[in-house]
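Please keep the sequence and the model in view.

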Amino acid sequence: MKSKDIRKEFLHFFETKGHLIVDSAPIVLKDDPTLMFNNSGMAQFKEYFLGNGTPKSNRIADTQKCLRVSGKHNDLDDVGKDTYHHTMFEMLGNWSFGDYFKKEAIAWAWELLTEKYGISKDQIYVTVFEGDKGDGTSLDEEALELWKQHIAEDRILYGNKKDNFWEMGDIGPCGPCSEIHVDIRPEADRLTVDGKTLVNMDHPQVIEIWNLVFMQYQRKADGSLESLPARHIDTGMGFERLAMVLQGKSSNYDTDVFQPTIQKLEEISGVKYGAAEKTDIAIRVVVDHLRAVAFAIADGQLPSNTGAGYVIRRILRRAISYGYRFLGLKEPFIYKLYPILKAEMGDFFPELVKQETIVTGVIREEEASFLRTIEQGLNRLNQIIEQLGDSKVVPGDVIFELYDTFGFPADLSRIVAEDHGFTIDEAGFEAEMAKQKERSKKATALVTDDWVILDDKGNETSIAYDNTEAEVKITRYRKV
Ligand code: ATP
Ligand code: MG
Ligand code: MG
Ligand code: MG
């Protein structure tokens, strides 16, 4: 099943169950001081769970563009190293606002996965909450009983507060959850005892695909729980992981979500995916980060030196330096992958088509300028290393200066130093970084090198972050 059809089937299925299908909220959040980027499907509905406002329907389903690169959910360090955490991913979700509850949520998840998508029942594991949620009681019996109607009891596992109890914050709505995992381990990795397969939930191929949250309590300021008068359902399923399972692959990158851009990158770099671990990681990082940066820019978050824009700039630079270091790419290349992404995803996310000019323009210019930085930094570092002679250690303040003045990444300095048989003075570098943090706390931020969007008359403007209003097509922009 093609990924496009997998997405369509999810939305269609919940439509037949009376859900209103809505668009993804933008990936960039404008009005939420607690969150820079949308990191889950529920973010756009948060206010309804808090009892503010009324949703268009009490049953809603969608796919949400998510970015997990900052704050509580930061998966950046895993991206590229593993094959199932992305920076940007789609979260498929269905919601009930005070309408249906556990019975339907569980039955429909089961029906969709096993009947519509055809996942074998013998591959599925589910978890239910068991633990102290703050009031001593222990088991989500209701969920356990409901799951038992669908799945063998030995496939139901118990999870504690950390994994199976969801809370919006220190106070507010909360409740137990059930996660659905699919076992796609190769035969050789499966151990059986007395005819039963042992499950290792930490195995990367016993993959968590879906989280069903049952909001039924309100956490009060004193830590106690009160039952909510209106109970809600909030679910989130990783689209790329689902595609991996349904396409019979063992990595999200082997699905049709990533293969087209990987193939283009192979063509540009002359490096084959699968050739070596280091280059594979680099290829995964590039095609992953491309999506994060492209979707963020298309939603109006341009690279800059502060806040959310800085996060985007750093993600882009991370991709550039992986390409430079491991794939030998010394000229802008990421912008060349964009047409493939647009061709694959532009039908469903028209913003990729609408904002193509700015996305490719900004990515290309950012790439050119950062590659110049890399070249300059390399020259300077090579000179310094020559002068250092026998010491074999590059001082921390040198690494800091390269980073601070040129934007030359410390991990690149580390690698260049190693190539010359040098190490870097890590403690000295950390000390300089700490000093700079102190200084920047005191100084008023000096913002340079930021992108701004211009209107027809050349005045600075911004696009509405709400997709429903985002009629502005970005056609003019400049750097300040
Ligand atoms: P994990 O334990 O794998 O990090 P999670 O428990 O943090 O996932 P949830 O917050 O429960 O994830 O999000 C719901 C679903 O979104 C997950 O079951 C998973 O399928 C998907 N998901 C979460 N994080 C990522 C990511 N970084 N990349 C791709 N899919 C993700
Ligand atoms: Mg996680
Ligand atoms: Mg998890
Ligand atoms: Mg989870």
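**From a strand pair to the domains**

W210 has M237 in β13 as its bridge partner. This is a predicted model, in which local features need pLDDT of at least 70 and side-chain atom pairs count only at pLDDT 80 or more, while totals for chains, interfaces and linings use all residues. Residues are numbered from 1 along each chain as its sequence is written, and chains are lettered from A and ligands numbered from 1 in the order in which they are written.

β12 (206-219) and β13 (225-238) are antiparallel and share 9 bridges; strands are DSSP runs of E, at least two residues long, and helices runs of H or I, at least four, both numbered from the N terminus. Two strands pair if DSSP finds at least two bridges between them. The two form a hairpin with 5 residues between them, and G223 in the turn has a positive phi of about 90°. β13 is also joined to β5, again antiparallel, by 5 bridges, and F97 stands opposite H232 in β13.

The shell around ligand 1 takes at least two residues from each of β5, β12, β13 and α6 (239-246), and β12 gives the largest share, 4 residues. Of the 16 residues around the ligand, H85, F89, N211, G236 and G238 come nearest; a residue is near if its C-beta atom, placed from the backbone, lies within 6 Å.

The protein is divided into domain 1 (3-246) and domain 2 (258-442), with bounds from an automatic or database domain assignment. Their centres, taken over C-alpha atoms, are 33 Å apart.
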